[in-house]
Amino acid sequence: MKHSLARTRAFSYWARWGFSLCFGLVTSLAPLFAQGPTTGSIAGTITDPSGAVFPDAKISVSSPALLVPQSTVSSKEGTYRFPSLPPGTYMLTVEAAGFETAKREGLDIVAGFNGTVDITLAVTGQVQTVAVSAEAPVIDVENTKEQDVFVASTLKEIPNSRDMWSLIGVSPGMIVKSFDVGGSAAGTQIAYYDYGQTGQQRVQMDGVNLTEGNSASSAYSDYGSFAEVNFGTTGNDASMPTPGTLVNFVVKSGGNQFHGDVYQDYENPDFQGHNINTSQLNKGAGIGTRITSYRDTNGDLGGPIKKDKLWFFLSARQQEIGTTVTGYPVNNPSSGPPFTTTLSNATYKVTYQLNANNRISNFLNVERKQQPYRNASNTQYSDAIYNEDLSEWIGNVMWESTLSPNAFLSVMAGDWGYNWTNTPYKGPNGQFDYRRTELTTGDTAGAFDENRYNRRRSQFVPTFSYAANNLLGRPHFITIGFLTEKETYNFEQYAYPGDVLETFDSTGGLPDFTTPYEVTIYNTPAITFDYLRHNGAYITDKIKASRKLTVTVGVRWDYNTAWRPTETVRPDAAYAGFFYQGAPLANGYSIPEKYPNLEIPGNTGVIHWTHAFAPRVGFAYDLFGNGRTSIKASFGTYYENPGLVLSYAANPLQLAGYTFKWNAQPSAALTAGTAGFEPGQLGAFLSNSGGTSNAIAPGIRDPYMADYNVFIEHEIVHNLVVRGGFVYRKLNHDWALVEVSRTLNLYTQPVTITDPGPNGTLNKPFTVWDIPSSVNLTNYPSIQEYESPNGNNSYFRNIDLSVTKRMSSNWSMTGGYLATWSNFPLNGSGPAEGSAGTATLPINPNLLQYNDASTFIDSFKVFGTYNAKWGIVISPIYRFFLGTPEARWLAVSGLHVGSETIPLTPDDAYRTNNISIFDTRFEKRFTFKDHYQVGLFFDAFNIFNGNGDQNQDNVEGTYNVATGVATYTKSTVVSGSTILYDRFLSPQTIISPRIFRIGGKFTF
């Protein structure tokens, strides 16, 4: 019954989506196009044999990617432009009376790329057809955006887990935080850096924004349906609203010929090696992260319903992955069920050419993700995990039109959303056991608190472009765009058994969950609603200042407002009286009455930012005027996307907890979770978080990123380009939770303890600060508000070197080196570069000493393809990543304020292992009747069988001030024996071992 409301909303939403789709098909008055490129362009100048500009020449482009060819005429300045070309290979034809027809073939155009093709006409009788090998542009000498592009052929050839994050893992300018080996991380989002920045990306599929919150994406996609994937990393123009990566998935279309692909691969546990050494085994690694099952089935079909008029495209995919989890479950590593993921996708797209100048299309992708053992790790018992089930849809209606040779109009109506449910597991006794966590070891057992996420976002995006060929004496290409999005976030949070989280502090080598310590009560169950309206508009002018210099100037305006409706506290919330009506608990503790009738008034202005103006300026200089060397520089301001993160955090119905001392005697039933906290055991108040104690400061500002970059690109020989650049970024006044009640001046009680250091080699005294016991904490509950402090800034300096070789002479290659120096505040969040935004600013001296982090990371990666003899294709990948910086932290309990985890070293005092991975694919291709191709392939991942720790425990251990007992070890079971090991730097995730994959492809 508790999900009936969400199911009704889901049914209603699908009905509205169907109606909106039909309405859009009937009433759209202009073509569709999304902010952020899904198309490329070709532009240039026509001259006569003397070098004078040539007006009124007829120029046309044709491609299998177009339903019908496009045509235009050169301006009186001799210029022409095709501004909206789907990714593909094009032929350009120029015709003029008295001159030979000129052709340029094999022009490869990708989204966001402008191919500059200047043509000098020859008088009648001279040959003018030039092959791609001599003339195709490979450097964009107009646009300043730096982007990494994966075209369809590369997507097919590169051996990986066939998702967005595995592509990021080999992209120059980007660094992933964890690494996939043969699909070991498929179906799980991986955090990544884009020139130091993490989060704030904008992810789009055919222009539909499917960004999740403000720092994630549920793009568990139909990989085989993509014609192209591109990542805009720095220098994005005014069409890009946020400072992170612009990710574009471009969905395939049909064609005038039927075409299709079938893909199938398979991995068997017997295909892999073993890479866990004795040291890792004795530190709780079990058998590590091993693939227990893997297969990926993907097929697509496209073609004409009516040639030159109506095309269709269909695709479907199912991917299944199973892995063991390093150290799971913690009490008997590698004995639990494998962590399994099933990803199901279906996609369709229909494209209709209304007439020579107008095209309409519609696509829909539906996805389902199932992970029955989510959150398994080396700190979880078997029943602490949960079952994830997510259903998602992405769709749009698009119309593209050429109003005149110089004017282009586009409009997009799109929709995205999902329903995501996480449900708990029963314990060994067949019941939902009490949720409990162990402070000493960090281990957790008992039933998860069930929850459900429901997101919706509708979008409407018109764009108008105009080529003013002689405005103020120079050619201009002006683009004006508008965006409006409405997002809905409904979160349903249900309760732990007994509505509490139990915390134990079992020091002195006692088993987990022996010594009761603290208990946290919650306001659950609760259902929240939050809404966001985002409007944006921009204007960009691309000015051909001279034959060599292109200047792009633009400005963007964004408007964000969040609100919530009147909400009602659920009457079945066990502690509703305490949280909202001032009712005292069993220990007599109470908080002021806030909502006596259990109704929370709506708020129409949770955030209201109406005037975020962001300038963008770029310069592209064709150094020698031959399109082979380009110097680019740009500056831009990018305001952050608030999503509904702040709105939910300040919603009085969001998850809230109050923590108290737990006055209970140890018992076997408490340890097992079959008996739990009783109200009479409630002790003194310690701390609180969330719910009505969170607020948004009046006048809070929207953080912004200042992005500066300079690059030089040079084509050494045809199709071989090197790139080098420097990127400087500053994130200004990022959001942070600021404590306004328990302020620094209260922490006046010094407590001296000894830091033994790793392996007990240091024994250095240090001071922890506490609030004196004479201070009644009841008078100082934690009250936090989101602010945008002036000093909460992050700085990133990057050096980027890369080389790209397009396919020619039977080989292609892309390689890159990226080095990033970062300075940022940790704000109590632990070591995580660039993630200060949602952490609490230091509220006591314990967190101040090492709050300013200064780190360095770098990576090198290279991948390519070699077409050998006899139809053999080899596609190797090599990746190297410097270990992630780590600090050493200590969990301190027995303080008057409860327990805290504090840093003992700077953030860069330690590093995780360096990671080096070498993969390759060997494929044998058979071609039949020049139209059918079969490929049989063999993939080898982690060929050198590396076993680096991707993640390590950065907590040294625990120290109980009240008892003076320190615990710095954990235990594991190896071959039936219990072994103690040092907790600090023990492995949490290990690179998966060498594994082989076999598979086949059929293309026609």
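Me: Which strands each supply at least two residues of the nonpolar patch?
Reply: β41 (704-717) and β47 (794-808). Keep in mind that this is a predicted model.

Me: OK, and which residues form the patch?
Reply: Tyr-621, Ile-631, Val-710, Ile-712, Phe-726, Ile-799, Leu-801 and Trp-821, with about 650 Å² of accessible area together.

Me: Where is Ile-631 found?
Reply: In strand β37, residues 629-639. Ile-631 counts as partly exposed because its relative accessibility is 33%, and buried would mean under 20%.

Me: What does Lys-632 form a salt bridge with?
Reply: Glu-713, with the closest N and O atoms 3.0 Å apart. That pair ties strand β37 to strand β41, 81 residues apart. Lys-632 is buried at 3% relative accessibility, and Glu-713 is buried too, at 11%.

Me: And Asp-800, buried or exposed?
Reply: Buried, at 1% relative accessibility. The Asp-800 side chain meets that of Arg-723 in a salt bridge, 2.9 Å from N to O. Here the link runs between strand β47 and strand β42 (residues 720-732).

Me: How many salt bridges does the structure hold?
Reply: 36. Some are linked in a network: Asp-265, Glu-267, Arg-921, Asp-939 and Arg-997.

Me: What's the lining like by class?
Reply: Six nonpolar, four polar and six charged residues.

Methods: Residues numbered from 1 in each chain as written. Predicted model: local features only at pLDDT ≥ 70, side-chain atom pairs only at ≥ 80, totals over all residues. Heavy atoms only, no water. Patch = residues over 30% accessible without salt bridge, like charges linked within 9 Å, V, L, I, M, F, W, Y side chains within 5 Å. Areas by Shrake-Rupley, 256 points an atom, 1.4 Å probe, with all protein chains shown as cover. Salt bridge = Lys/Arg side-chain N within 4 Å of Asp/Glu carboxyl O. Helix = DSSP H or I, 4+ residues; strand = E, 2+ residues; numbered from the N terminus. Buried < 20%, exposed > 50% of the residue type's maximum accessible area, 1.4 Å probe, protein only. Nonpolar A, V, L, I, M, F, W, Y, C, P; charged D, E, K, R; others polar.
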